[in-house]
Amino acid sequence: MSCMFKFTRITITLIAIAGFLGILTSPAQAEDGYDLWLRYRLIDNAERLKNHQQTAVSIVAAGDSPTMTVAVEELHRGLSGLLGQDIPRKDAPAKTGSILVGAAPALQKLAPNLKLPDITALGPEGYSLQSINSDSFKGTVITANTDAGVLYGVFGFLRRIQTHQPIDNLDIKQTPRIQRRMLNHWDNLSRSVEKGYAGKSIWIWDELPGKRDPRYRDYARANASVGINAVVIHNVNADPKIVSDEYIAKWAALAEELRPYNIKVYTTVNFGSPMLFDGPNKLDTADPRDPRVSDWWKERFNAIYAQVPDFGGVLVKADTEGRPGPQQFNREFTDGANMLAEAIAPHGGIVIWRAFRNKALTNNEPDVVKRPYLAYAPFDGQFADNVVIQPKYGPSDFQPREPAHPLFGAMPNTPLFLEVEITQEYLGRDLHHVYIAPLWKEILTFDTFARGRGSSVAKVIDGSLYGRNISGIAGVANVGSDRNWCGYDFGQANWYAFGRLAWDHQLSSEQIADEWLKMTFSHDPHFIAVARAIMMESWPAAVSYLRPLGFTILSAYNHYEPAPKYRNFKGGDYNIADKDTVGVDRTLKGSGAVTQYNQHLTDLLDNVDTCPLKYFLWFHRVSWNFPLPTGRTVWEEIVWQFYDGVRTVEDMNNMWATLKPYVDAERFDRISNKRAGHLEHARKWRDTCVSYFQSLNELPWPDFIESEFHQKPPTSKSKK
Ligand code: GCW
């Protein structure tokens, strides 16, 4: 992008000046990434350090529950690291400098004269950070209604120090907007991770339940630090054995490790378990209307809750991609979900039913993206109270960009969770540096118009649009056994951003990027400005060189390499282009997918003149020469975007190269090497796709390839 280009040049000049004046900060210590954003390195600003050392002299904690214990441990660890001296724990508050930490009732007992802030509205997980400046006590109070809230308060307090915000004169109240902030692990029992690019599963099944890897605790700390409070431990392509006594005992041990951090364990289940599971009570059916089947599940849920009393519930992928489900027995999804819901209800658990690629029982709709809506919307209001439907963010399959899933505007009587992918299945695995928060924000702010303007997806899933009492968001985890957890350093930003947005979807992507950069690398304002710009440009750039103009799937079966030809066959789900035309006709005259949105959106999307360009080929099939408002034809625009996306990656790499003085050599080199691979792969995407499309349409290569991008067209085919 040209603005990026300018930014690069300005950046280089600024760096030269800064270097000349000798004002560069010293690079951080070499690091392997294990500590994530919880590095707690000594504050490198003398004045700030001194000020904080006066504000935080000792810790006074009320309560000794497992959650309070880890909260106090974290506070001690964080403060001692950041302030460079041991911050001792004391039994009673001193006149100045004590950090009082505890749930309100316990704290009040410990310090009866203290006037605590009013926290009634904070709910079970919110927290308050309050500076107190009375005659008898000058100090800080971290409090909440529960110990879990206190834990979040501790992390919130530490984050303020880590991100160089003041910690005196605090008057802060925070509550999460979404109740269930979940990671979905696609981890198999073999320890392989489906669509995982960071090593093996972190769950070491062979060693459980006896031996507990210390990583479990560090994983829990990272999650709690951003407010993630739920973890689905197993792949949605579930092994029936996950509900065997043997495995329940193993993940009960995991639940024990995670519990102090306010994280509840959930598991996926295989709907066919009653007949697939080799146990004494194996059945010959999994038909949800067969009472033996619901008894089978009741017995298993009893076994689970006996070991994991706070078990959250089950996540189910049924009748998709060959997985068993109620349709196998000619039953509806309501039959399947409600049967499980009834079996788990006495224990307080929920059933999260995925709406991915499902077809309605009696409707063989050819357009894949229309199917889930047809399968679920008609059943709105017919699911049990403890059933949640969980669609992916778009109606296809985690594409680099999709319009929001139409179900978000179509099920007013059913709680819906939003499923996003933190792991980069279609976004370049661990090679492409893509900061995904802007994609999630685009979906969260997508207006469904379901109850008039302002009915964003965020309001649907946080429960506020329809006053729902269950709300949730799920991110498919990008975490693995690699030392740096996420496969590449910047991948950690996506884990961080998911948690932060789950807690507060109104935070901006920029703000989250800033926080993460400060906690992970450096506070230098120049470093932050440049690194933030790189992060913010990374997703739009990836969209340009992976799926410009709303293209649907163009990748190979591995979802990584470019393979437009393989995807493009007549009668296939994704017939995307031929000699004369390109795109998918989902207008009223085509598949009619536009009608699955609110009327206002239907009109907007159906019309070639008003359909946003970012969704253009998703909804329209037009001639290659169709003129667009950009002044280019569709063919030219596609080429332009592929080239522009790659140019932005080049710019980003140049910008990164200027950041060397701000980053330790270990991380700088590691990231630079990866970035080189990223650029190479982005070029491969561009060249493969544009040459394939050119071979179909045989149109001349646009002049701007040479004049604007200073490149030669990729194939031997010369300009015609
Ligand atoms: O796109 C597909 C992926 C599968 C995944 C599936 C799903 C877990 O290729 O790996 O299975 O989506 O989301 O269920």
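Okay, Glu425 and the ligand: an N or O atom in the Glu425 side chain sits 3.3 Å from a ligand oxygen, with a polar contact being a pair of N or O atoms within 3.5 Å. Arg354 puts a side-chain N or O atom 2.7 Å from a ligand oxygen, and for Lys392 that distance is 2.6 Å. On its own the ligand exposes 340 Å², and the protein buries 95% of that (Shrake-Rupley areas, 1.4 Å probe).

Quick word on the source: this is a predicted model, where local features need pLDDT of at least 70 and side-chain atom pairs count only at pLDDT 80 or more, while totals for chains, interfaces and linings use all residues. Residues are numbered from 1 along each chain as its sequence is written, and side-chain values use heavy atoms, leaving out hydrogens and water.

So who's around the ligand? There are 15 residues, each with a heavy atom within 4 Å, and the closest are Glu194, Lys317, Arg354, Lys392 and Asp397. That shell has eight charged, four nonpolar and three polar residues; Asp, Glu, Lys and Arg are charged, Ala, Val, Leu, Ile, Met, Phe, Trp, Tyr, Cys and Pro nonpolar, and the others, Gly among them, polar.

Now the helices. α6 (residues 215–226) and α14 (residues 491–503) have axes that come within 8 Å and cross at roughly 40°. These are DSSP runs of H or I, at least four residues, with axes fitted to C-alpha atoms over the stretch in contact and angles from 0 to 180 degrees between N-to-C directions. That makes α6 oblique to α14, since under 35 degrees is roughly parallel, over 145 roughly antiparallel, 65 to 115 roughly perpendicular, and the rest oblique.

Note on methods. Helix = DSSP H or I, 4+ residues; strand = E, 2+ residues; numbered from the N terminus. Polar contact = N/O pair within 3.5 Å; in protein donor to acceptor, adjacent residues only side chain to side chain.
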